[in-house]
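Dear colleague,

A short account of the findings follows it.

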Amino acid sequence: MAAIKIQDLSYYYPETIKPALNRINLEIPEGQLLIVIGDSGSGKSTLLRVVSGLAPTFYNGNLHGKVFLHGEDTVKMSRQEMVQKVGIVFQNPESQLVMNNVEQEIVFGLENLGLPGNLMKRRVMEMSSSLGLSGDLVKGVAELSGGQKQKVALAGVLAMQPGIILLDEPTSQLDPVAAEELLNIIRRLNEDNGITVVMIEQRLERCCHLADRILIMENGVIAADINTGSRGGRMWMPRAPLAYLPPLPNLFARAGFQELPITVKQGRQMLNSLMAASDSASKPGQDTPPVIGPVKGQELIDIQNLWFSYPDKEEVIKNLNLIIREGDFIALLGENGAGKTTLLKHINGLLKPCRGQVKLAGQDSKDLAIEEIAASVAYLSQDPNDYLFMPSVKDEILFTLKNFNLDDETYAEEIMKRFKLEAYRHGNPRDLSTGERQRVALAAVLVSKPRLLILDEPTRGLDYGLKKELGELLQEINGQGTAVVMVTHDVDFAAEYAQDICLMFQGQIIERGSKYEVLQHSTYYTPQLGKLFNNIVDNVITMDRGVRVLLELAGPIKSELASVL
Amino acid sequence: MLTYQFKDNLIYKLHPLTSIIFVGVVFVLALIFSHPAYLLGLLISVWVVLGAAGNLKEGQSYIKFSLIMVLMIVLINVLFARAGTTIIYRGVDIPLIGALEISLEAIAYGLGMSLRLLVIISVFCLYTYTVNPDKALHLGGRLGGKSVLAITLSLRLFPLMIKDFQRISEIQRCRGVKLSTGSLWQRAKKTLPIISIILLSSLERSLQLAESMQARGYGSGPRSTYDRDLWRPRDYLIIALSIMALFLGICSAIKGWSAYRYYPILEEISGLDWILASFIAMILLLPAILNWGGKKWPL
C-alpha cells in the first residue's frame, strides 16, 4: 500500500486565483526516499503542507482532490491521528522551536497528544539515544548550534513516531558539516526504520545519492518524476534540466554526455577512460593557470598584525595580515569559529582591533566612524530580510542614497535595471522570493557606489540557478572595479567565481593565493570539479574550463565512447 | 533566565517545587518576624544554604547593593524617629527636622528593619540562582496552560529579538545611518527602521512558529504534562521541615514571642528567645546539612 497517495489534487491559497498545486497525481510507496526540487513558487512547499494537513487546516484556502496516508483519507482523520502519521520539519530551526529547553521541546508534541508520563519518558530516551542528544537534554535551546537545533526539531517530530517525515529544505541554513550529519540521520531513519521521507532539497550534490526518486516541480505541476534506479548497483544521475544539476553531473551534461556521474569516483573513471582513449599529443590542460580578473589597482584595505578578542574570551584573530586591492575578488574559507566573520567586521569598522591596525585607503579605522567607512565599504549580511522594511523596492534603494546625502535617482533606476528589479519597482520587497530579496538588499548596499563589497555567506539557502545569477552579478560588479570579499562555506561557488582564496584557521590566514594554487590539490577545500580533475588534468576548477577540456578529450572519440559506456 | 547556571550540588538538584516552598517559607517568616534574634536566625540559615549552593560570591554582590539601602534605612530612621529614650547624641538644629537627637532605640530599630530586608534580598538571591526559571514556569503550566506557553515563548523569543536588534543596528550603520549622533529625537527616529524590521521579521517568525505548533498537534485535544524532575526523599524531608518551621513561626508570632519592642526602650532578649530562634533557624538549615552529609557520606 502506498504511504502517500494523492489523487487529482489542486490547492488554492486564500484569495488567489492561480492554483499553487494543479491537478497533482502522485503515489509514494512506503519506505521511499523522495526528493523534491523546483524553483521558488513551483509548489514544492505547498505539496508538503497539503500532505501534512497544514493546508488547508492552517492556511485555509481551497483544496480539491484527495490525499490518502496509508490508505486512509486525510479528510476523515482527526488532527491527533494526522500528526502521528506524518511529521514535518521546516527550513529554519529558529522559528520552529517553541520551548526553552531541549527535553521540553522533544516532548512538546507528546504533551499535545496527551500521552501518559511513562510513555513520554520512553520516547525521550529513544530520541535522545538515536539522534545523539543525550548530553544536550538539560541544555537550553539558545546554547545550541544551528545544526543541533535542527536535530532537536527533528527529534520533536520523530518522538510522535510518524511513519512519514516531510522535510522542507532542512539543511539550507546549516553549514556543510552540520548538513551532512543531518542528512545521515535522515538516511538512517529511512534505511533502518523504513520511514517514508519526502524532502525538499536544493543541493542535490548533498543528497541525491540517498534518493530513490526525484520529483521536479514547476508551476504547481510535477514536471518530471525520475526514478534513480537501484541503490546497490552503479547509479547514474538522472538527466534533469541543467538548472537542477549539481556541478559534477552538470559538467558532463554540458559536454554532451548521455550518462551523468553522481560521485567523483564515477566521474574519474569516465575521465580516465577518456584520457586513455585519446592520443597523448592532444592531451589538454597541461598549461599554466589562467590569469583571472581585472588588473589590480591601489590598496583599499591594509590589515597589519591584527589581534582581536571579545571581552573575557579567547583571541579570535591572531596576528593577521591582509591586503585588499581594487579589483580583488576574494573568498574567505574556513571552518566555523575560524574568525571569518570577525575579520569582515574589522573591514567594515564594526569592530576595532585590540592590537595592530586596519587601514582603509591609508586611514586608520580607529579614526573613522562606521558611517564614514560605510560610504566606501558595502556590507551584505546572511539574511536579506535584515535589510527590507520600506514599502517598495525603489524606496529601499533610495533609503541608502539619502543616508549618504546622495540624490542620484537615475543611478537608482540603473541599478534596478541591472539587477532585474524594474518590474518590482513599486512592489513590497518582503513579497518577493528569496533570490529577489537578496538582489534588492544587494542593490540597496551597492547604490552608494562603494569601492569594496563584503558579503557574509551569500549563497546560504540559494538553489543552483540563483547561485549562478548571484555569482555572475558579483563578477560583473567586480569587473567594474569594485573589490569583493566574501565569507563562504561553499567551495564550489568560491572556485567558480572568485579569483583569490584565503584559508582561515584558528584566527589566522594560513594561505592566500589564486584559486588555482589554493584549491587544486587540497583534499577538503576543493570543489567537486577540482576533485574530478586532480592529477589528471591540471588547473581545472571552473565549469567553463571543465567543459572545454571534456569536449577536447571526447570530441574525436565521442561516438566510440558512447558505445563503451 | 540569564543568571541561572546549573551547579552540581544538592541545592540545585532539589525539585523546583521544594526550592520554591523553602524560599516561600523563609520569605513569609521574614515578614511575620520582627524579633532581631529570629531574623538573624533566618539570615544565617539562608546564607549557609547559599554557601552550600556555591553562590556566596553572587550573594555578596546582592549584599553590597543592599548595604546602601540599609544605610538609608538606618539614617532616615535615626533622623526622624523620636520615640527612643536612650539618647546617645544630641546636636545642632537641622531645618525641618528640629534638634538632632540620636537614640540607641532608633538605631536598633533601623538595624532590625535592615535585617528583615537582608533576609528577603538574600532569599531572592537564593531563588534567582538555584531555581531553573524554565522549570518553575513549567510548574505553573499545570495551572494555566495557554498563558504559561505564551510566557515560555516570549522568554524564548526575547533573546532572539535582542540579537536581531544588534545585528540590524549594525547593518543600518553600514548603510550609512548615523545611529550615535544627533539629538535624542533624531536618534529615536533613526531607530524606527530597526524596530520595523524586527517587527516584520518577528511577524514572519511567529507565523512559522504557529505552523510548527499546529504540525505538532498543539490544541488538538487535552494536554498532558511531562515531569522531568524526580521527587527524592530529601525533597519530602525538606518540605515537611519547612512547613514545620512555618508552623512554629506562626505559633510564636501568635504567642507574641517573635515580636519585639524597640521603643521607648529596647526590650531585653531572653535566653528562651535565642533558643527558639535558633531552633527555627536549625530546621531551615536542613538543605545545607543534607548537602554536606551527601558529600561526606556519598551513596
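**Domains, cores and the contact between the chains**

In chain B, the centres of domain 1 and domain 2, taken over C-alpha atoms, are 42 Å apart. These bounds, from an automatic or database domain assignment, are 10-136 + 231-296 for domain 1 of chain B and 145-215 for domain 2 of chain B. The model is predicted: local features need pLDDT of at least 70 and side-chain atom pairs count only at pLDDT 80 or more, while totals for chains, interfaces and linings use all residues. Residues are numbered from 1 along each chain as its sequence is written, with chains lettered from A and ligands numbered from 1 in the order in which they are written.

Chain A is divided into domain 1 (2-235), domain 2 (242-286 + 539-565) and domain 3 (299-533). The centres of domain 1 and domain 3 of chain A, over C-alpha atoms, are separated by 34 Å. Eight residues from domain 1 of chain A and eight residues from domain 3 of chain A take part in their contact (two residues are in contact if their C-beta atoms, placed from the backbone, lie within 7 Å).

The largest nonpolar core has 183 residues, and L332(A), A443(A) and V485(A) have the most contacts inside it. Such a core is a set of buried Ala, Val, Leu, Ile, Met, Phe, Trp, Tyr and Cys residues joined through C-beta atoms within 7 Å; a residue is buried if 20 or more other C-beta atoms lie within 10 Å of its own, exposed if 12 or fewer, and partly exposed in between, with C-beta atoms placed from the backbone. Leaving aside neighbours within four places in sequence, V485(A) is in contact with residues including I324(A), L332(A) and I454(A). Another core, of 42 residues, lies apart from the largest one and includes L10(B) and Y129(B).

Helix α8 of chain B covers residues 184-215 (helices are DSSP runs of H or I, at least four residues, and strands runs of E, at least two, numbered from the N terminus). At 1.5 Å a residue, times one less than the number of residues, its 32 residues should span 46 Å, which agrees with the 45 Å between its end C-alpha atoms. The buried residues of α8(B) include I194(B), S201(B) and R205(B). Just after α8(B), G217(B) takes a positive phi of about 75°.

The contact between the chains takes 42 residues from chain B and 51 residues from chain A. On the side of chain B that touches chain A, α8(B) gives the most, with 13 residues.

Yours sincerely
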